[in-house]
Amino acid sequence: MILDIIRKFLFNRRFNKIKEYILAGDSHFFPAFRLNIAQPINNKKYLEVGNDSIVNCSVIFETSQGEVKIGNRSYVGEYKIICRSSVIIEDDVFIAWGGYIYDHDSHSMDYRERMKDIEQQLLDYKSGISFIANKNWDVVNTKPIRICSHAWIGLNCIILKGVTIGEGAIVGAGSVVTKDVPAWNVVGGNPARVIKVIPENMRKKGVTE
């Protein structure tokens with residue numbers, strides 16, 4: 001009982017420090033929730049959450065850019081959402097735990113740019129600041145991610161940049177999603193491929209493939 005009170009106190013204190021960057025309706029933030037912004041802009045709402053959602057994930061902005069939106073009645077478990085452009089999670093989505101939603105490549109495909117990254121990281125770290133404080137993001141590809149309503153993302157999945165997961169789609173545990181997932185399909189594997197089509201009687205009424 002006492003431990004629960006202490007945990008709640010610590011969470012509330014931490015939440016109060018970041019709530020200026022959040023626009024939330026009547027939703028619930030669970031203890032594992034984190035919001036990390038490397039270079040926050042005052043008065044910018046980085047995270048927007050609708051009503052009756054449960055948020056227990058880590059949302060990470062490695063620069064001042066990006067936005068994450070979570071709709072109504074969605075559950076987002078202990079995933080890490082790493083955003084530079086946009087991640088949109090619509091209504092009635094279920095996301096398990098242990099995975100990553102990642103809307104950029106982190107580094108350039110050009111090895112010379114990656115060498116510069118390492119050199120700059122070392123300089124920043126030795127200067128006592130964030131090791132990505134002066135990273136050159138201009139050479140890093142980034143594309144928005146959208147997870148449509150009624151989708152279900154299983155355990156330990158990786159959702160990569162530019163992907164849209166269609167309405168009612170299911171992503172099987174451990175999948176790596178590199179391409180769009182059609183609505184009302186089940187995908188799995190690395191890279192994820194369609195393994196099953198959801199029967200029409202299990203789809204939202206009036207929706208066809």
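User: Over how many bridges do β10 and β13 pair?

Analyst: This is a predicted model, in which local features need pLDDT of at least 70 and side-chain atom pairs count only at pLDDT 80 or more, while totals for chains, interfaces and linings use all residues. Residues are numbered from 1 along each chain as its sequence is written, and side-chain values use heavy atoms, with hydrogens and water left out. Strands are DSSP runs of E with at least two residues, helices are runs of H or I with at least four, and both are numbered from the N terminus; two strands pair if DSSP finds at least two bridges between them. In the parallel pairing of β10 with β13, Ile 89 stands opposite Ile 147, and the number of bridges is 3.

User: Which residue stands opposite Ile 88 of β10?

Analyst: β10 also pairs with β7, in the parallel sense, over 4 bridges. The residue opposite Ile 88 is Lys 69.

User: Are the residues on the two faces of β10 buried or exposed?

Analyst: Buried means under 20% relative accessible area, exposed over 50%, and partly exposed in between, with a 1.4 Å probe and protein chains only. In a regular strand the side chains alternate between the two faces of the sheet. In β10, Ser 86 and Ile 88 lie on one side and Val 87 and Ile 89 on the other, and all of them are buried.

User: Which residues touch the most other members of the largest nonpolar core?

Analyst: A nonpolar core is a set of buried Ala, Val, Leu, Ile, Met, Phe, Trp, Tyr and Cys residues joined through side-chain atoms within 4.5 Å. Elements that each supply at least two residues include α1 (2–18), β10 (86–89) and β13 (145–147). Of the 39 residues in this core, those touching the most other members are Phe 33, Ile 147 and Ile 165.

User: Why does Leu 47 count as buried?

Analyst: Leu 47 is in strand β4. Leaving aside neighbours within four places in sequence, its contacts (heavy atoms within 4.5 Å) include Phe 29, Phe 33, Val 68 and Ile 70. Leu 47 counts as buried because its relative accessibility is 0%.

User: Which residues do ring pairs link into a cluster?

Analyst: Rings of Phe, Tyr and Trp (its six-membered ring) pair if their centres lie within 6.5 Å; planes under 30 degrees apart count as stacked, over 60 as edge-to-face and the rest as tilted. The whole structure has 4 aromatic pairs. The cluster links Tyr 21, Tyr 46 and Phe 61.
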